Amino acid sequence: MPTAPLLTLNDGHKIPAVGFGTYPMKDQEVETAVQAALLTGYRLIDTAASYENETGVGNALQNSEIERSNIFLTTKLRGADQGYDAALAGLDASLQRLNVDYVDLYIIHWPLPKLDKYIESWKAMIVAQKDGKIRSIGVSNFKPHHLDRLIQETGVVPVVNQIEIHADFPQTDMCAFNAQHNILTEAWSPLGKDLMDNPTIKALAEKHNRNPAQIMLRWETQLNIIPIPKSSNPDRMRANLEIFDFTLDEDDLAAIAKLDTNNRIGGDPDTYEEF
Ligand SMILES: NC(=O)c1ccc[n+]([C@@H]2O[C@H](COP(=O)([O-])OP(=O)(O)OC[C@H]3O[C@@H](n4cnc5c(N)ncnc54)[C@H](OP(=O)(O)O)[C@@H]3O)[C@@H](O)[C@H]2O)c1
């Protein structure tokens, strides 16, 4: 069974180097997919309150023979639940839907600067962590100025910043900022859009006798980025985890670095709003 090695977070907890994404699957589909992912060897499952699939994820965990302590479960605080009291209530609702006592990682999904409640939300998460409802606390879609403010006002550095990353949007400076602050970067949409047919990626796939997705995921892990690919297909799930038995060389990495076209697919965190 393929497995991902473990990385160490800045609070000492361990996190698998590859995870399983669950958006946009709903309860029924996600339950089947997470069951298959666990059987395949995934031990990091990524969900969010806003995906409206936490019940299905929880069912899959309950029905799995894998011990809860061997699964790294992430969920996220949605915009509608930002604020001190609302964040605590939002977390409790997620725990209930997931049918677990704690999550391994709780993440502020988006900074939502116009709403301006991420500091209060973060303070609530620090308290919930002390109460044992969360093992580690992190953020998503935070830019350097959001992180600077969070750290300055609370003194608590997130363990993870989950951001959009793919070969044509590598966010090199943002990743360097995370690394300088001992924050691990997680990549959402790690396979990007329309990159499967990219000639550089295809050539590297041929060179290493792999498929294009494996090249992109291996590239991310070699940069110390944790990709969380989503697939509903068990063969692709397996392939996405079978990436630790080959290595891209310096020339390969340099070729992928040339694909950066700053091609953002999702929202810009300075302006994007979702609740
Ligand atoms: N924090 C955030 O704001 C944020 C935003 C977006 C996403 N996320 C998280 O990140 C996860 C991953 O992002 P994503 O779902 O947008 O993108 P992704 O994982 O890069 O791509 C998923 C797409 O690629 C296909 N795929 C997967 N493996 C493949 C393979 N080996 N070969 C060919 N196609 C393959 C999937 O189709 P099949 O299912 O048919 O295989 C699906 O259409 C999400 O599921 C979610 O958990 C977080």
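Visitor: How many bridges join strand S8 to S9?

Guide: There are 5 of them, between S8 (residues 160–164) and S9, and the two strands run parallel. Before going on, a quick word on what you're looking at. This is a predicted model, where local features need pLDDT of at least 70 and side-chain atom pairs count only at pLDDT 80 or more, while totals for chains, interfaces and linings use all residues. Residues are numbered from 1 along each chain as its sequence is written, and side-chain values use heavy atoms, with hydrogens and water left out.

Strands (E, at least two residues) and helices (H or I, at least four) are DSSP runs, numbered from the N terminus. Two strands pair if DSSP finds at least two bridges between them.

Is S9 buried or exposed? Since 5 of the 5 residues of S9 (residues 184–188) are buried, this strand is largely enclosed by the rest of the structure. Buried means under 20% relative accessible area, exposed means over 50%, and partly exposed is in between (1.4 Å probe, protein chains only). In a regular strand, side chains alternate between the two faces of the sheet. In S9 both faces are covered: Leu184, Glu186 and Trp188 are buried on one side, Thr185 and Ala187 on the other.

Now zoom out. S9 belongs to an open sheet of 8 strands in the order S3-S4-S5-S6-S7-S8-S9-S10, with parallel pairing. Its edges are S3 (20–21) and S10, each of which pairs on one side only. Further along the order, S6 and S7 are joined by 5 bridges and run parallel, and isoleucine 107 has glycine 138 of S7 as its bridge partner.

What about the greasy inside? A nonpolar core is a set of buried Ala, Val, Leu, Ile, Met, Phe, Trp, Tyr and Cys residues joined through side-chain atoms within 4.5 Å. The largest one has 66 residues, and Phe20, Val34 and Val103 touch the most other members. Helix H4 (residues 118–130) gives this core its largest share, 7 residues.

Contact means heavy atoms within 4.5 Å. Apart from neighbours within four places in sequence, valine 103 has contacts that include Leu73, Leu91, Ile134 and Lys133.

Lysine 133 has a charged partner as well: its side chain meets that of aspartate 92 in a salt bridge, 2.9 Å from N to O. A salt bridge here is a side-chain nitrogen of Lys or Arg within 4 Å of a carboxyl oxygen of Asp or Glu. Lysine 133 sits in the loop between H4 and S7 (134–140) and aspartate 92 in helix H3, so the pair ties together parts 41 residues apart in sequence. Lysine 133 is partly exposed at 28% relative accessibility, and so is aspartate 92 at 34%.

The structure holds 14 salt bridges. Another one joins lysine 123 to glutamate 120, with the closest N and O atoms 3.8 Å apart. Both of these residues lie in H4, 3 residues apart, or about one turn of the helix. Asp116, Arg149 and Glu153 are linked in a network of salt bridges.

One last stop: UniProt, in an unreviewed entry, lists His109 for "binding site". Histidine 109 is in the loop between S6 (103–108) and H4, and it counts as buried at 7% relative accessibility. Its contacts beyond four places in sequence include Tyr51, Lys76, Asn141 and Glu274.

Technical notes: UniProt positions renumbered as here; feature names shortened; annotations may be inferred.
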